[in-house]
Amino acid sequence: MKYIFTYILAIMMSFGAIAQSDTAVSAKAFLIGENEKHFESLVSEHGEQLLNVCKNNMNKAYKLWVSLLKDLEGFANDKEFDLNGTKIWINLFWNADGSIRNIVYYPKPNSKNMNFALLSDFLSDFAFSYQFALTNETPFSHYGSASFPTFYIFPQDK
């Protein structure tokens, strides 16, 4: 009888691990380290960087990035989700059509303490609803940093 209980418990734990990994793969946003295989595949599939897609125009890439962060902050305000004090390293992976495939992030040491599962859910909602202002022939990505509230100044066009 003791072995049957152990066997059933092992099976239940296996199904739980499978369900968790499936959820991580299907989630639009997750913490770096939650699903390394999926993250590695995203990196290899999204080899072109935002700056390259902007034809190495740093001002254009910066404006697009800052606009996305401002839109993220506006989305948070609309959803009454408090991002203030949040500081993260963030990787965005876009499909060629400009829709967000995934957001992968990690909190900086000086970020406010928060429930990161809720932040992942919030970022997933944003990813489902957001359309980036840029498209490309292939998927692309950007690795950056974000701090909220945003205090960015747009450079002057030359």
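Trainee: Helices (H or I, at least four residues) and strands (E, at least two) are DSSP runs, numbered from the N terminus. Which strand is N102 found in?

Mentor: N102 is in strand β4. This is a predicted model, where local features need pLDDT of at least 70 and side-chain atom pairs count only at pLDDT 80 or more, while totals for chains, interfaces and linings use all residues. Residues are numbered from 1 along each chain as its sequence is written, and side-chain values use heavy atoms, leaving out hydrogens and water.

Trainee: Is N102 buried or exposed?

Mentor: Buried, at 3% relative accessibility. Buried means under 20% relative accessible area, exposed over 50%, and partly exposed in between (1.4 Å probe, protein chains only).

Trainee: What does N102 touch?

Mentor: Leaving aside residues up to four places away in sequence, its contacts include A27, K28, F30, H38 and L42. N91, L92 and F93 are among them too. Contact means heavy atoms within 4.5 Å.

Trainee: Which backbone oxygen lies 3.0 Å from a polar atom of the N102 side chain?

Mentor: That of A27. A polar contact is a pair of N or O atoms within 3.5 Å; within protein, one must be able to donate a hydrogen and the other to accept it, and residues adjacent in sequence count only if both atoms are side-chain atoms.

Trainee: New topic. How many salt bridges does the structure hold?

Mentor: Two. A salt bridge is a side-chain nitrogen of Lys or Arg within 4 Å of a carboxyl oxygen of Asp or Glu. R101 pairs with E45, with the closest N and O atoms 2.5 Å apart. That pair links distant parts of the chain, 56 residues apart: R101 is in strand β4 (residues 100-107) and E45 in helix α2 (residues 36-45).

Trainee: And which residue does K112 meet?

Mentor: D82, at 3.4 Å, N to O. K112 lies in the loop between β4 and α5 (116-129), and D82 in the loop between α4 (58-78) and β3 (87-94), so the pair ties together parts 30 residues apart in sequence. K112 is partly exposed at 24% relative accessibility. D82 is partly exposed at 47%.

Trainee: On to α5. What caps its N-terminal end?

Mentor: N115 does, with a side-chain oxygen 3.0 Å from the backbone nitrogen of A117.

Trainee: Which α5 residues are buried?

Mentor: F116, L119, S120, F122, L123, S124, F126 and A127. The buried residues of α5 pack against β1 (29-31), α4 and β4.
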